[in-house]
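I am opening a notebook on this structure. The entries below record what I looked up, topic by topic.

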Amino acid sequence: MSDLLREELKGRTAYGAPQLDVPVRLNTNENSYPLPEAVAAAVEKALSDEVRGLIRYPDRDAVALRADLAAYLGLTVEQVWAANGSNEIQQQLLQAFAGAGRKALGFGPAYSMHPLLCLGTATSWIDGGRGPDFELTADYAVEQIRLHRPDVTLLCSPNNPTGTALTLDIAEAVLAQKQGLVVVDEAYAEFRREGTPSALTLLESHPNLVVTRTMSKAFAFAGARVGYMAAHPEIVEAMQLVRLPYHLSALTQAAARAALAHADVLLGTVEAIKQQRDLIVSSLREMGWQVAESDANFVLFGRFADQRAVWRQLLDQGVLVRDVGLDGWLRVTAGNAEETAAFLKAMEEIR
Ligand SMILES: Cc1ncc(COP(=O)(O)O)c(C=O)c1O
C-alpha cells in the first residue's frame, strides 16, 4: 500500500516521543503535578452533566469555551479560537493561510511539529536556521523574510527545544515587514521569567499576528487536548472555513470550561515548576554542563560527545529525558522536586 502514499510521505516515520513506562518521565514537557482535587471534581461533574446531551452535536463554534479563554487572556470572544490542542490550531492556520503552492518559514531548531504540519498541509517548509548558540536576531529574521517572502512565519516563544523566549523586538521587526501571517507559538508562555513580555501585547496593532497557546502545559490538561489562539477577528473567522464541523467534542468543551473556572488553582503549580527549572539550570551548570537559558518548563543541556549514550545511561537509572535530535544536547522537563532530585542524581553518575 505504501506505493499509494503521497511521494513526500513515503519512508517517513510518525512523530512521537517514546512512551516508556519508567519511574521518572521527563520527556514530553507535561505538567507532572496531580490535578488538584477541586478541579478533578469540577471536571467530573461537568462531564457527567454533559453525558445525556451527547445525542446532539456540540456547539460548532465553541462560543462559551472561547469566551472563557478570552476572559483568561483579557480579549473578546471574536479574537479567540479553540481546537484540539495548539497542534490543531496551527494545522488549521496552515490550511487557511498556506497549503499547496505556498510557503512557511521557521527558525530551527524549533518545535519539530511545525515542518510536519507543513508536510501534512502540502505547504513548502523553509528552515531559516539560527546562530551557532541557537540565537535568533531581529536582523537575521528580517533578512530571511525578505529572502523567502513566506505566506506564514512561525516563531516559537519560548522556543522548543532551546527553552528561551524571543525578545519582542524580533516579533516586532518581523511584523513590520507586513509579510503574510506571523504566528507566535507560545505553548509555554506561562513559564516565562520575570520581565519577558508576551506577543499578545502586540495584537492590537498587528492584524496579521496570531498567538497560539495551549492548556497542555501550565494548565496540566494535556490529556484533554485543548489549544487556542488569539488573533484579529477576521483570522478567527477564516478558521471556520477549514475546521471540521464539530471539531471540539462536547466533552472536551465541558471539561475545559470546568478547568478554566479553576484557572488560579490549576496555574498554582507554575511557580513551583519554575523553581524546579531554575534549580535544574543552576545545578547542571555547577556540574560543568552547558545549559541554555529557559523561560519554559524544560531545559536544554549538553554538550555530550554522544547524547544518545547519555540518554540511555539516564534511562538505565529510571529517568526518561528527550533526545531531540540535536547533536550533543538533551532536553529535560522540569517536574516536581522528587523528579528533579532523581534526574540530578542520575546526572551526577554521568560525570
Ligand atoms: C512549542 C510547542 N507548541 C505546541 C505544542 C503542542 O501542544 P498541544 O497540541 O498539546 O497544545 C507543543 C507540545 O509539546 C510545543 O512544544
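This is a predicted model: local features need pLDDT of at least 70, side-chain atom pairs count only at pLDDT 80 or more; totals for chains, interfaces and linings use all residues.

**Entry: helix 10**

I looked up what covers the buried residues of helix 10, and the list includes strand 9 (290–291), strand 10 (298–302), strand 12 (329–333) and helix 12 (337–350). The buried residues themselves are V270, I273, K274, Q276, R277, I280, V281, S283 and L284. I then checked the length of helix 10 (residues 270–286): at 1.5 Å a residue its 17 residues should span 24 Å, and the end C-alpha atoms are 24 Å apart, so the two agree. Just after helix 10, I found G288 with a positive phi of about 100°.

**Entry: helix 10 against helix 12**

How do helix 10 and helix 12 pack, and at what angle? I read an angle of about 15°, with the axes 10 Å apart. Angles under 35 degrees count as roughly parallel, and helix 10 and helix 12 are therefore roughly parallel to each other. Their crossing is right-handed. On the helix 10 side I listed Q276, L279, I280, S283 and L284 as making the contact, and on the helix 12 side A337, T340, F343, L344 and M347.

I turned to an open sheet of seven strands, whose order is 2-8-7-6-5-3-4 with mixed pairing. Which strands stand at the edges? They are strand 2 (80–83) and strand 4 (124–127); each has a single partner strand, so one side of each is left without a neighbour in the sheet. On average, neighbouring strands of this sheet are turned by 20° against each other, direction ignored.

I followed strand 2 to its partner. Strand 2 and strand 8 (residues 227–231) run antiparallel and are joined by four bridges. One pairing I noted is V80 with A230 of strand 8.

Helix 6 (residues 168–176) packs on the sheet, where it touches strand 5 (152–156), strand 6 (181–185) and strand 7 (209–214); its direction makes about 175° with that of strand 5. I also found helix 7 (residues 233–242) lying across strand 2, strand 6, strand 7 and strand 8, at about 140° to strand 8.

**Entry: helix 3**

Helix 3 (residues 85–97) has 13 residues and reaches 19 Å from first C-alpha to last, close to the expected 18 Å. I listed G85, S86, E88, I89, Q90, Q92, L93 and L94 as buried in helix 3. G99 follows helix 3 and has a positive phi, near 90°.

**Entry: Q307**

Is Q307 buried or exposed? I found Q307 buried, with a relative accessible area of 4%. Q307 sits in helix 11 (residues 307–316). Leaving aside neighbours within four places in sequence, its contacts are D323, L326, D327, G328, W329 and L330.

**Entry: backbone exceptions**

Most residues other than glycine have a negative phi, and most peptide bonds are trans. I looked for departures from this.

The bond from S157 to P158 is cis, with omega near -5°, and N160 and P161 are also joined by a cis peptide bond, with omega about 20°. P158 is in the loop between strand 5 and helix 6, and P161 lies in the loop between strand 5 and helix 6 as well.

F134 is not a glycine, yet it has a positive phi of about 65°. I placed F134 in the loop between strand 4 and helix 5 (138–148), where it is buried at 16% relative accessible area. Y246, not a glycine either, has a positive phi of about 60°. I placed Y246 in the loop between helix 7 and helix 8 (250–260); Y246 is partly exposed, at 28%.

Note on methods:
Residues are numbered from 1 along each chain as its sequence is written. Side-chain values use heavy atoms; hydrogens and water are left out. Two strands pair if DSSP finds at least two bridges between them. Helices (H or I, at least four residues) and strands (E, at least two) are DSSP runs, numbered from the N terminus. Axes are lines fitted to C-alpha atoms, for helices over the stretch in contact, and angles run from 0 to 180 degrees between N-to-C directions. Contact means heavy atoms within 4.5 Å. The expected span of a helix is 1.5 Å times one less than its number of residues. Buried means under 20% relative accessible area, exposed over 50%, partly exposed in between (1.4 Å probe, protein chains only). Angles under 35 degrees count as roughly parallel, over 145 as roughly antiparallel, 65 to 115 as roughly perpendicular and the rest as oblique. A crossing is left-handed if the near helix is turned anticlockwise from the far one by less than a right angle, and right-handed if clockwise.
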